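Here is a short briefing on one protein chain. Have the sequence and the structure open while reading.

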Amino acid sequence: MEGASVSTNPRSVEEVFKDFRGRRAGMLKALTTEVEEFYRQCDPEKENLCLYGFPEETWEVNLPAEEVPPELPEPALGINFARDGMQRKDWLSLVAVHSDAWLLAVAFYYGARFDKIERKRLFNLINELPTVFDVVTGKKPVKEKSSVNNNVNSNSNNNNNSGGNKAKSAAKVQRAAETAKAKPAPPPPKEDDDLEDEDEEEHGDTFCGTCGGSYTAEEFWIGCDICEKWYHGKCVKITPARAEHIKQYKCPACSNKRART
């Protein structure tokens, strides 16, 4: 698979950061200036697709690597399946979050052999840049430093603020994942408004495994019988009528795992 095999094998902190910036720039193109082409390539009728960013500031939508383990960490699988089940801005925001996670994974895959000081310096350089999510959602404009040294000497307060935002986002995602596994099945919506309010309060910390949205009684949900995660019916293209005929539901991620084994 071409997307996962392209590697510059950077050695130093500066080389890893340059690799990170190139891949990030490519993914930003896909999610901003070239978004129409990216949207077109993420056809839900195709197989599980991933968004890859390359060091030369290009991007590609392609299938994941076939070799196990892959040469580099793999990005989020099956981003195309949720494309038509969500509003475009929400879908792009979701892909942006997963893109940030992948970029950090690749950078620290290269930096795993660095010592403590070098790893900290690498993270500080990365943390000076707005995340892909920040740019896609308009929280921060694309404003990058002209050199690595400028990034090192930037205001430390910005480091603390950006680091805090990332930490909060990571904690929120972790809590959502743990809650989705541990939470029992939400009961069907009740007709009485007061009972619906109580239902939402009880299950308000159940989150959709695709879009991350919290549980509401007004929407149809379906739970995976394999991983026990819950999903909006619209996110996985399952209607209440169709769900009545499904004896054992498997989400797209579990279906793909079964197909590859």
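A residue counts as buried under 20% relative accessible area, as exposed over 50%, and as partly exposed in between. By that cut-off, Phe 123 is partly exposed, because its relative accessible area is 28%. The model is predicted.

**Overall make-up**

- The protein chain has eleven helices and four strands.
- Of its 261 residues, 40% count as buried.
- Take the contacts between residues at least 6 apart in sequence: 61% of them join residues at least 24 apart.

**Helix 2**

- Helix 2 covers residues 13-31, which is 19 residues.
- At 1.5 Å a residue, helix 2 should span 27 Å. The C-alpha atoms at its ends are 27 Å apart, so expectation and model agree.
- Helix 2 is largely enclosed by the rest of the structure, because 15 of its 19 residues are buried.

**The largest nonpolar core**

- Which residues touch the most other members of this core? They are Leu 31, Phe 38, Leu 51 and Trp 91, out of 54 residues in the core.
- Helix 4 (residues 88-110) supplies the largest share of the core, with ten residues.
- Domain 1 (13-137) and domain 2 (206-260) both give residues to the core, so the core lies between them.
- Leaving aside residues up to four places away in sequence, Leu 31 touches Phe 38, Leu 51, Leu 92, Val 95, Ala 96, Ser 99, Val 132 and Val 136.

**The cavity**

- How many cavities of 30 Å³ or more does the structure hold? It holds one.
- The largest cavity has a volume of about 40 Å³.
- Its lining is made by Met 27, Leu 51, Pro 75, Ala 76, Ile 79, Val 95, His 98, Ser 99 and Trp 102.
- Helix 4 gives the most to that lining, with four residues.

**Phe 123**

- Phe 123 sits in helix 5 (residues 116-127).
- Phe 123 and Phe 17 are 106 residues apart in sequence, with their C-alpha atoms 8.9 Å apart in space.

**Phe 220**

- Phe 220 is in the loop between helix 9 (193-202) and strand 3 (221-223).
- With a relative accessible area of 30%, Phe 220 is partly exposed.
- Phe 220 and Lys 234 are 14 residues apart in sequence and 7.9 Å apart in space, C-alpha to C-alpha.
- What does Phe 220 touch, not counting residues up to four places away in sequence? The contacts are Tyr 231, His 232, Gly 233, Ile 238, Thr 239, Pro 240 and Ala 243.

**Positive phi**

- Most residues other than glycine have a negative phi.
- Glu 57 is not a glycine, yet its phi is positive, at about 70°.
- Glu 57 is placed in the loop between strand 1 (50-53) and strand 2 (59-62). Its relative accessible area is 38%, so Glu 57 is partly exposed.
- Lys 237 also has a positive phi, near 60°, in a residue other than glycine.
- Lys 237 belongs to the loop between strand 4 (230-232) and helix 10 (240-243). Lys 237 is partly exposed, because its relative accessible area is 37%.

Terms used. Residues numbered from 1 in each chain as written. Predicted model: local features only at pLDDT ≥ 70, side-chain atom pairs only at ≥ 80, totals over all residues. Heavy atoms only, no water. Helix = DSSP H or I, 4+ residues; strand = E, 2+ residues; numbered from the N terminus. Expected span 1.5 Å × (residues − 1). Buried < 20%, exposed > 50% of the residue type's maximum accessible area, 1.4 Å probe, protein only. Core = buried A, V, L, I, M, F, W, Y, C linked by side-chain atoms within 4.5 Å. Domains from an automatic or database assignment. Contact = heavy atoms within 4.5 Å. 1 Å grid on protein atoms, 1.4 Å probe; cavity = no way out; pocket = protein on both sides within 12 Å on 5 of 7 lines; lining within 4 Å. Points joined across faces, edges and corners; volume = space filled by probe spheres on them.
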